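Here is a walk through one protein model, written for someone meeting it for the very first time. Have a look at the sequence and the structure, then read on.

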Amino acid sequence: MSCANRDAARPAVEPELETGVSIASLMEQVLRKLGEDPGREGLLKTPERVEKALRYLISGYQVDLKKIVNGAMFTVKYDEMVIVKDIEFFSLCEHHMLPFFGKMHVAYLPRHKVVGLSKIPRVVDMFARRLQLQERLTQEVAQSLQQVLDPLGVGVVCQARHFCMMMRGVEKQHSGAVTSAMLGAFRDRKETRDEFLGLLRMDSTPGF
Ligand SMILES: [Zn+2]
């Protein structure tokens with residue numbers, strides 16, 4: 001299934017629930033259920049702030065991939081690997097709605113088109129600002145670039161830490177998860193994959 005189809009299948013995030021109850025007023029109830037007093041000074045505006053924050057953090061559903069790349073695609077003869085490393089991202093895990101965050105490294109092998117380098121982090125944000133799984137986020141970034149650029153291949157490596165592991169559950173502060181997606185030449189040709197992974201190792205951030 002292509003990314004476009006999957007996006008279309010997803011429910012739109014509506015500003016108001018069917019009942020007409022706002023997220024903010026539901027958050028007020030959540031605070032009460034948690035034993036808090038939503039009327040105390042520090043919490044007065046919290047439900048509205050939470051609603052605003054959540055809307056921003058999942059605003060990626062509304063972003064149109066074509067609008068990001070339109071006007072920034074160029075026909076070139078360049079046929080060497082293009083890599084954008086260390087793209088910071090922040091996402092929310094769909095199981096706990098807690099943040100996971102880290103770095104993504106994106107590479108592609110142009111066939112006849114390249115895209116403005118600054119567009120690649122915007123594609124990452126588009127998929128990170130959703131309720132996500134790290135595995136799916138990695139795949140979606142790779143597949144969407146494959147779709148719009150039609151390159152010989154795309155490679156994506158994602159390193160992340162998950163608050164749901166750090167703050168609760170196993171409470172492991174230093175364990176990170178690494179996922180990757182290799183398409184086209186990155187999957188079929190060992191030399192291409194090795195070149196990409198070798199370039200990533202060149203100055204990997206110590207201690208990540
Ligand atoms: Zn989680």
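**The overall build**

Keep in mind that this is a predicted model. The protein has nine helices and seven strands. Of its 208 residues, 37% count as buried. If you take the contacts between residues at least 6 apart in sequence, 71% of them join residues at least 24 apart.

Five strands make up an open sheet, in the order 5-2-3-6-7 and with mixed pairing. At its edges are strand 5 (131-132) and strand 7, each of which pairs on one side only. In general, the strands of a sheet pair through backbone hydrogen bonds, and they can do so in a parallel or an antiparallel way.

Is strand 6 enclosed or open? Nine of the ten residues of strand 6 (residues 153-162) are buried, so this strand is largely enclosed by the rest of the structure.

**The nonpolar cores**

The largest nonpolar core counts 33 residues, and those with the most contacts inside it include Phe89, Met104 and Leu137. Among the elements that give two or more residues to this core are helix 5 (119-128), helix 6 (134-149), strand 3 and strand 6. Apart from it lies another core of nine residues, among them Met81, Ala107, Met182 and Leu200.

Leaving aside neighbours within four places in sequence, Met104 is in contact with Phe89, Val124, Leu137, Val141 and Cys158, among others.

With 13% relative accessibility, Thr179 counts as buried, because the cut-off for that is under 20%.

| Side chain | Partner side chain | Polar contact |
|---|---|---|
| Thr179 | Gln134 | 3.1 Å |
| Thr179 | Thr138 | 2.7 Å |

Not counting residues up to four places away in sequence, Thr179 touches Glu135, Val156, Val157 and Cys158 as well as Gln134 and Thr138.

**The zinc site**

Which residues coordinate the zinc ion? They are Cys93 through SG, His96 through ND1 and Cys164 through SG, at 2.2 to 2.3 Å. Along the chain, these donors follow the spacing C-x2-H-x67-C. Distant parts of the chain are linked here: His96 sits in the loop between strand 2 (82-93) and strand 3 (99-109), while Cys164 belongs to helix 7 (residues 163-166), 68 residues apart.

His96, at 36% relative accessibility, counts as partly exposed.

Note on methods
Residues are numbered from 1 along each chain as its sequence is written. This is a predicted model: local features need pLDDT of at least 70, side-chain atom pairs count only at pLDDT 80 or more; totals for chains, interfaces and linings use all residues. Side-chain values use heavy atoms; hydrogens and water are left out. Donors are N, O and S atoms within 2.8 Å of the metal (3.2 Å for Na, K and Ca); water is not among the atoms, so sites may look incomplete. Helices (H or I, at least four residues) and strands (E, at least two) are DSSP runs, numbered from the N terminus. Buried means under 20% relative accessible area, exposed over 50%, partly exposed in between (1.4 Å probe, protein chains only). Contact means heavy atoms within 4.5 Å. A polar contact is a pair of N or O atoms within 3.5 Å; within protein, one must be able to donate a hydrogen and the other to accept it, and residues adjacent in sequence count only if both atoms are side-chain atoms. A nonpolar core is a set of buried Ala, Val, Leu, Ile, Met, Phe, Trp, Tyr and Cys residues joined through side-chain atoms within 4.5 Å. Two strands pair if DSSP finds at least two bridges between them.
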